Each structure stands twice: as structure tokens, then as C-alpha cells.
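Have a look at the model before reading on.

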Amino acid sequence: MSRLLGGTLERVCKAVLLLCLLHFLVAVILYFDVYAQHLAFFSRFSARGPARALHPAASSSSNCSRPNATAPSSGLSETPSVRPGPTVPTLPPCPDLPPGLVGRLLIEFTSPMPLERVQRENPGVLLGGRYTPPDCTPAQTVAVIIPFRHREHHLRYWLHYLHPILRRQRLHYGIYVINQFVTGPVLTCSLLQHQHGEDTFNRAKLLNVGFLEALKEDAAYDCFIFSDVDLVPMDDRNLYRCGDQPRHFAIAMDKFGFRLPYAGYFGGVSGLSKTQFLRINGFPNEYWGWGGEDDDIFNRISLTGMKISRPDIRIGRYRMIKHDRDKHNEPNPQRFTKIQNTKLTMKRDGIGSVRYQVLEVSRQPLFTNITVDIGRPPSWLPRG
């Protein structure tokens, strides 16, 4: 009986020993299998980033034990991760009808108007009279060109009224005062510098100069507004923009009883796109003295198959600053003959033939002043 029990116990012990051996073999196999998987896992990281794979444990322990500590250097320069910079928001297009327009304006020229006051009133205007709306993207870049001589008093009022109007119209614009070579102070804030020499005024030639000089400063200009310095709009809904056809803005001046004086009138304030301006070869250069050049421009527009666009007469109202006629700006006695010959002269006389010399470019807080020598009228033309 004891012999049978001993045999059974021996077999049980062998079975247990065999199970232990089998368990050990399975554990060894599983160990090597897991090790192989871990090795493959880390080898993938080693292929992507060698610098991090060299010391994974050190990096991990440093960050876990001291969250704000710097991991010890491995001696190799680690490529910093590139993070995308802040995205610049894209501004929406400016609306066709700006929401901040006032409508009819009260225009008066009796209060003193120092340039310092005008500058304080327009803090968003940059040096040189440049402005860009901060909340939208305008469809056009507008250059406002002013032919100028002896009108500092008028210019202050013009800047006082026009800068706020143009800003409310959400225009991306610059203002250029084209100052004909004069005796007396050059148009600067200090008014201390002087130029010498004076001759008959030539408005249209100065406008040609303004077109060329504005494009030299910013080739993006695609709309040009040509404005006399003594005319201020009475309604900010008269938008200073260019359209499919040349635009006449000043259609109802107070000096004409707020009526268009005649159907072909194109004086005071007008606007042409760059393409339209080049199509008519710019403005004539041979109208020395007062009158005639605006009618010649009207003829050029008609001869090239374009038509004049105008605002509603209730919106296109303008007030003129009263003044005496300037010296050396007497009526041109040949203006009527020249107007009749526009078809013959427009191809040879215009933007392609203008000759002038820039004497000074001065960027003021509210405008860019360009003083130019545009020459003298022909010897046979009386100079006043």
C-alpha cells in the first residue's frame, strides 16, 4: 500500500515539475516576443528623430520630475519644432455704399483753419496724405491731384473738409498738390523756403504732371481725381471713385446757381481711371492761362467713344471759396480756336508730350507737395 502511494506521489511530482518547466519555456518565449516588439517600436522613433532616440529615458525623467526643468543636452543640436505664425485676417471688400456717410454737409469758410487743427482732426492720415481704411479692402487706389499756386488759404479748408469725406467713403487714397514754380514761399509747414520765377498758369499741364508723379510713388493707382483747390463737395454721397466712363463730380456749383452751366461742361472736379486717361492721351499741355482745357478734355472723351457720367444734381453740389482771379491767370485768347481743333491736336499734345522738371517733393502730414517747373508759354502768347 505504501509502495503504491509512493509511486503515485512520484508521478505527481514529475507532472508538477513538467508543468513548471513548460511554464518557464512559455515565459521565456513571451519575454523575447515582447522585447522584439519594444525594439521595433523604438526603432521607428529612432528613424524619425535621431536626437530624441539617443536619450529617451533621460528626457522623460527630467520632464516628469521637474516640469519646468530643461532636459540635459545630448551634445547634438536638436531641430526646434516649427509652429505656424499668427494668421493675418483677410479684410472684407469695402461696401459699394459706405455705411458711415452723412449726406448733405454744412460748408463754410469763415472760421480760421490752421493746418495743425486739420492734422489733429485726421489722426489716421499718414505722411504724404495717404490713407487706407482699417476695416475693409477698397476696390480702387485713388490719387487726388490738385493744380496749385498761391492758394495756401484755400488748401487748408479743402484738406479740412475732404480728408473726413474721403475717409468716410472708405477710400484708399493719396493727395498730391502740384505746385507751379513760383516766387515766394514753397508750400511747406514752415513756409520759410522760397523759389524764384513765375509765369502764366497752366492747369491741365499740372494735372498731367500729377498723374505721372503719383504713379512714380505708387504704381497701384488706378483712379485719378482731378480737383480745383477752391471747390468743396456739399454731400459726401458724391463718391470719389472711377467707373466705366469718365466721371464729372462738380456738376452743380453755387457760383452757377447749383446748375450745370452747359451740357459739355467738365470743369472743377473730374475723375478718370488710368486706362481712360491714357486712352485720351491725358490732358492738353498748350492751354496757358484761364479757360478752355476742360472743354478740350470733354472733346477728347467724346472723340474716343466714351461718355460723361455724372451724379444726381442734388448730390453733385459744390461750394466755391470766393476769390479774385490770380495774377498770370488771365483768359487764354486762343482757347476757342484750340477747342475747335482738339481732333487734330490730341494725338500729339498730351501725356506723351509733357515736359517738366521736378524741383522739390515734400511729404507733409496731410498731402504730398510737388513743386515743378513746367516751362513758359510760347513767345507769341501774351503772358498777362
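For what follows, a residue is buried under 20% relative accessible area, exposed over 50%, and partly exposed in between. Keep in mind that this is a predicted model.

Let's start with the salt bridges, of which the structure holds 16.

| Arg168 | Asp236 | 2.9 Å |

Take Asp236 and Arg168, whose closest N and O atoms are 2.9 Å apart. This pair links distant parts of the chain, 68 residues apart: Asp236 sits in the loop between β6 (231–233) and β7 (247–248), while Arg168 belongs to helix α5 (residues 152–168). How exposed are the two ends? Asp236 has a relative accessible area of 0%, so it is buried. Arg168 comes in at 22% relative accessibility and therefore counts as partly exposed.

Arg203 lies in helix α6 (residues 203–217) and Asp228 in the loop between β5 (223–227) and β6, so the bridge ties together parts that are 25 residues apart in sequence. Arg203 counts as buried because its relative accessibility is 11%.

Arg314 counts as exposed because its relative accessibility is 58%, whereas Asp312, at 35% relative accessible area, is partly exposed. Elsewhere, salt bridges with shared partners join Arg130, Glu217, Asp218 and Arg363 into one network.

Now for a charged residue without a bridge. Asp349, in the loop between α10 (342–345) and β11 (357–363), is buried yet has no salt bridge. Why doesn't Arg300 count as a salt-bridge partner for Asp349? Arg300 is the nearest side chain of opposite charge, but it is 4.1 Å away, and a salt bridge needs the side-chain nitrogen within 4 Å of a carboxyl oxygen. What the Asp349 side chain does reach is the backbone nitrogen of Asn285, at 3.0 Å. Leaving aside residues up to four places away in sequence, Asp349 touches Asn281, Phe283, Pro284, Asn285, Glu286 and Arg300.

Phe24, which lies in helix α1 (residues 2–48), counts as exposed because its relative accessibility is 52%.

Conventions. Residues are numbered from 1 along each chain as its sequence is written. This is a predicted model: local features need pLDDT of at least 70, side-chain atom pairs count only at pLDDT 80 or more; totals for chains, interfaces and linings use all residues. Side-chain values use heavy atoms; hydrogens and water are left out. Helices (H or I, at least four residues) and strands (E, at least two) are DSSP runs, numbered from the N terminus. Buried means under 20% relative accessible area, exposed over 50%, partly exposed in between (1.4 Å probe, protein chains only). Lys and Arg count as positive and Asp and Glu as negative; His and the chain ends are not counted. A polar contact is a pair of N or O atoms within 3.5 Å; within protein, one must be able to donate a hydrogen and the other to accept it, and residues adjacent in sequence count only if both atoms are side-chain atoms. Contact means heavy atoms within 4.5 Å.
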